[in-house]
Amino acid sequence: MHLKGALHVHTTCSDGELTIKEVVKVYADLGFDFLALTDHDFLLQWKCYDIIKTLRTDMIIFPGVEMTVFEKGYVHVNKIPGNNDVLHIFNHPAEMDLSMEKAKERIHAVGQRLPLDAVEITSRGFRTPEFETPEIPYVKVATDDSHNRLMCGRAWIEMDSMRDKDKIIRAIRHGDFWNCFTESNHVSQPFKNLVAR
Ligand SMILES: [Zn+2]
């Protein structure tokens with residue numbers, strides 16, 4: 001099956017504006033098949049994800065967490081569990097505000113401590129193409145890091161896979177998917193550069 005998914009989503013369980021129920025509806029209306037809830041570890045409310053079991057939806061929901069990891073400074077790593085397998089993604093390296101050399105060092109160091117599978121190539125759903133480089137030896141993923149309705153559906157992945165959590169995780173791990181961006185992403189990036197100059 002052709003599946004569309006969001007791998008980095010915040011809800012009212014931490015600092016997001018939408019409840020789990022609302023966020024699932026928003027992404028379902030946008031044609032998504034799966035999403036990973038990745039609320040911040042230090043804000044995540046106890047048992048907040050228990051409601052997932054009671055939702056009536058076809059959406060495949062991964063109950064993940066955005067971990068705060070100290071490695072010469074704080075970095076964020078999404079831990080996304082399937083049924084048996086677990087996916088680890090280094091989040092938004094552009095937001096560390098480091099040179100490419102330092103960013104690569106930081107990613108490498110975290111990869112020594114955690115079983116990293118992938119690195120994000122987006123910041124708040126906008127493309128950060130400098131991180132699409134093969135010099136970062138990980139699979140690259142596009143995500144929204146959505147915290148409100150406006151941020152849902154800016155960047156996502158699509159794949160051919162069965163509707164099975166572990167199969168989805170393995171497809172991501174093997175880079176067997178497409179990164180997708182809304183058209184506005186392509187407009188906003190050069191615009192941002194123009195302003196900076
Ligand atoms: Zn996040």
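Modeller: Buried residues make up 54% of the 197 residues in the protein chain, where buried means under 20% relative accessible area, exposed over 50% and partly exposed in between, with a 1.4 Å probe and protein chains only. Bear in mind that this is a predicted model: local features need pLDDT of at least 70, side-chain atom pairs count only at pLDDT 80 or more, and totals for chains, interfaces and linings use all residues. Residues are numbered from 1 along each chain as its sequence is written, and side-chain values use heavy atoms, with hydrogens and water left out.

Colleague: What does the secondary structure come to?

Modeller: The protein chain has 4 helices and 11 strands. Those are DSSP runs numbered from the N terminus: helices are H or I with at least four residues, strands are E with at least two.

Colleague: OK, and which residues touch the most other members in the largest nonpolar core?

Modeller: Ile20, Val23, Tyr27, Leu35, Leu37 and Ile61, out of 20 residues in that core. Such a core is a set of buried Ala, Val, Leu, Ile, Met, Phe, Trp, Tyr and Cys residues joined through side-chain atoms within 4.5 Å.

Colleague: Which elements give two or more residues to it?

Modeller: Strand S1 (2-9), helix H1 (20-29) and strand S2 (34-40). H1 gives the most, with 5 residues.

Colleague: What is Val23 in contact with?

Modeller: Leaving aside neighbours within four places in sequence, Val23 is in contact with Val9, His10, Thr11, Leu18, Leu35 and Leu37. Contact here is heavy atoms within 4.5 Å. There's also a second, separate core of 19 residues, which includes Ile89, Ile157, Ile172 and Phe177.

Colleague: Switching to backbone: what's phi of Asp97?

Modeller: Near 60°, a positive value in a residue other than glycine. Asp97 is in the loop between strand S5 (86-90) and helix H2 (100-113).

Colleague: Is Asp97 buried or exposed?

Modeller: Asp97 counts as exposed, because its relative accessibility is 72%. Asp145 also has a positive phi, near 50°, and lies in the loop between S9 and strand S10 (155-160). Asp145 is buried, though, with a relative accessible area of 3%.

Colleague: Where does Thr128 lie?

Modeller: In the loop between strand S8 (126-127) and strand S9 (139-141). Thr128 counts as buried at 6% relative accessibility. Beyond neighbours within four places in sequence, Thr128 is in contact with Ala94, Ile121, Thr122 and Ser123.
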